Amino acid sequence: MADKKKNNKELSYAELVAQRDDLKKKYMDLRFQMVIGHVDNPMQKRTMRREIARLNTLIHQQDLAKFRAAAAEAIAAK
C-alpha cells in the first residue's frame, strides 16, 4: 500500500485524473456486479472507494499548488 501512495505522488496531474477516471469506471462496474451478485471480494468496493479518495486528495493538492503559484506571481507582478 505504501508503494502505491508513493507512486501516486510522483504522477503528473493528467495521469492522476486519468487513473481516477479509470478507477471510477471500475467502481461503477463493481457496484453493478454487486447488485447482480457476482462479486468474489465485497471488500474490494471499500478499497476502490478509498483509492479514489486518495487520488482526489492528490489532485486537489496539485490544484492548490498551481493556484498558490499563480497568486504569488500576480502579487509579485504588482
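A residue is called buried when its relative accessible area is under 20%, exposed when it is over 50%, and partly exposed in between, with a 1.4 Å probe and protein chains only. By this scale Lys-45, at 24% relative accessibility, counts as partly exposed. The structure is a predicted model, in which local features need pLDDT of at least 70 and side-chain atom pairs count only at pLDDT 80 or more, while totals for chains, interfaces and linings use all residues. Residues are numbered from 1 along each chain as its sequence is written, and side-chain values use heavy atoms, with hydrogens and water left out.

**Overall form**

The protein contains three helices and zero strands, where helices (H or I, at least four residues) and strands (E, at least two) are DSSP runs numbered from the N terminus. Read along the sequence, these elements give the pattern α-α-α. The protein is more spread out than a compact globule, because its radius of gyration is 17 Å, well over the 12 Å that the globule rule gives for 78 residues; this radius is taken over C-alpha atoms, and the rule is 2.2 Å times the number of residues to the power 0.38. Along the principal axes, the C-alpha trace spans about 60 × 25 × 15 Å.

Of the 78 residues, 15% count as buried. The protein exposes about 6200 Å², of which carbon and sulfur atoms supply 56%, the areas coming from the Shrake-Rupley method with a 1.4 Å probe. Among the contacts (heavy atoms within 4.5 Å) with a separation of 6 or more, 66% are accounted for by residues 24 or more positions apart.

**The nonpolar core**

In soluble globular proteins, nonpolar side chains tend to be buried together. A nonpolar core is here a set of buried Ala, Val, Leu, Ile, Met, Phe, Trp, Tyr and Cys residues joined through side-chain atoms within 4.5 Å. The largest such core has nine residues, namely Leu-16, Leu-23, Tyr-27, Leu-30, Met-48, Ile-52, Leu-55, Leu-58 and Ile-59. Helices α2 (13-36) and α3 (43-77) each supply at least two residues of this core, and α3 gives the most, with five.

**Selected positions**

Tyr-13 has its place in helix α2 and is partly exposed, with a relative accessible area of 29%. Beyond its neighbours within four places in sequence, Tyr-13 is in contact with Ile-59, Gln-62, Asp-63 and Lys-66. Lys-45 is located in helix α3 and, not counting residues up to four places away in sequence, touches Tyr-27, Leu-30, Arg-31 and Met-34. Asn-41 sits in the loop between α2 and α3, where it is partly exposed at a relative accessible area of 40%. Lys-78 lies in the segment after α3 and counts as exposed, at 87% relative accessibility.

The table lists C-alpha to C-alpha distances for pairs that include these positions.

| Pair | Separation in sequence | C-alpha distance |
|---|---|---|
| Tyr-13 and Lys-25 | 12 residues | 19 Å |
| Asn-41 and Arg-54 | 13 residues | 21 Å |
| Lys-45 and Met-34 | 11 residues | 9.2 Å |
| Lys-78 and Leu-58 | 20 residues | 31 Å |
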